[in-house]
Amino acid sequence: MHGEYKVPGGKLVVVDVDVVDGVLRHARVAGDFFLEPDEALDAVNGALEGAPADTDAAGLAARIEAALPEGTVMYGLTAEGVGIAVRRALAHATDWTDYDWQLVHEGPQPPALHMALDEVLTHEVAAGRRPPTLRVWEWASPAVIIGSFQSLRNEVDAEGARRHGVEVVRRISGGGAMFVEPGNTITYSLSVPQALVQGLSFQDSYAYLDDWVLGALGDIGVRAWYQPLNDIATDQGKIAGAAQKRIVGPDGGPGAVLHHVTMSYDIDADKMLEVLRIGKEKLSDKGTKSAKKRVDPLRRQTGLPREAVIGRMVDSFRARYGLTQGKVTDEELARTKFTAPEWVARVP
């Protein structure tokens, strides 16, 4: 069995391993990482030998760390990364390059339609009727998007939203509320087969699915990293938040994952505070007293037009994994529930 895992911010780890009588045998770890001394690689392989095949990534990492020679230096590699690569091998996980990726980037759409497209396209990927898809959103009007489990009245100042003409919609994924205006955010979705994240923990899948965008940001001079569980941050502050939803395939078979990210390009922080109810408890775990200080827009950090930032991101994805132009079909556009008040206020 063969598994691969790119350590976020690090290097590629490749594992080939057999399972004999319920334990790991003949494990061989390779990759473009750096490791000193040379004997440490034999120690890593030896630590995997004989491990029960149902050992989780943390357990495998503990075996590796206990076996490493004193003074071992890993660069671009972690014991946990090796453990994850092993779990992906045993789960028969796929790789990004195993798929023909499609880009959907169309004109401005109403907020409720964006919510619907996330659900519909991911169901289509789960059913095998659509290839894995990167969708870049364009907004027709300002909106607040609340998470699937958030309380409408606790998160949104209804009077402020009416005053500023902001529509409130609810997405199918969890996470927090986002304030968007046309031209002021960069939002994208990935609708991917479950097999792509097989063997990853829920938390690890977030960083894994956004590793490409960290590289793209680096190319335009923004040093960014993942801040668990679901924030993308720089030394200037948070620039993006991610959310996910897992969708079961037809007849309970292998499904798909929706992973979407909203990045702040040029946010109007004053208006945001008039529309969202951002409590002290929410801010306390971010180490700041002001919501304005939590988000640092990409416009200031890059000096590039929004369209240029999106273009660089798409080019980076295409260079890594390949990408062809696609579109949303008429059948996909026709399926929506997201304008219904019963859905938006399902948690009052």
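How many salt bridges does a search of the whole structure find? The search finds 14, and the views below visit some of them in this predicted model.

View 1. Of the 348 residues, 52% count as buried.

**View 2. A salt bridge between D118 and R135.** Here the closest N and O atoms are 3.1 Å apart. The pair links distant parts of the chain, 17 residues apart: D118 sits in helix α4 (residues 111–126) and R135 in strand β7 (residues 133–136). Both D118 and R135 are buried.

**View 3. R129 meets E124 in a salt bridge.** The N to O distance between these side chains is 2.9 Å. R129 counts as exposed, at 59% relative accessibility, whereas E124, at 8%, counts as buried.

**View 4. K6, D211 and R320 in a network of salt bridges.** Take a look at R320 and D211, whose closest N and O atoms are 3.4 Å apart. This pair joins helix α12 (residues 306–321), which holds R320, to helix α8 (residues 211–219), which holds D211, across 109 residues. R320 is partly exposed at 30% relative accessibility, while D211 is buried at 7%.

**View 5. A negative surface patch.** E36, D38, E39 and D42 form this patch. Among them, E39 lies in helix α1 (residues 39–48).

Conventions. Residues are numbered from 1 along each chain as its sequence is written. This is a predicted model: local features need pLDDT of at least 70, side-chain atom pairs count only at pLDDT 80 or more; totals for chains, interfaces and linings use all residues. Side-chain values use heavy atoms; hydrogens and water are left out. Patches are made of residues with over 30% relative accessible area and no salt bridge: like charges are joined within 9 Å, nonpolar side chains (Val, Leu, Ile, Met, Phe, Trp, Tyr) within 5 Å. Accessible areas come from the Shrake-Rupley method with a 1.4 Å probe; for residues, only the protein chains shown count as cover. A salt bridge is a side-chain nitrogen of Lys or Arg within 4 Å of a carboxyl oxygen of Asp or Glu. Lys and Arg count as positive and Asp and Glu as negative; His and the chain ends are not counted. The place of a charge is taken as NZ of Lys, CZ of Arg, CG of Asp or CD of Glu. Helices (H or I, at least four residues) and strands (E, at least two) are DSSP runs, numbered from the N terminus. Buried means under 20% relative accessible area, exposed over 50%, partly exposed in between (1.4 Å probe, protein chains only).
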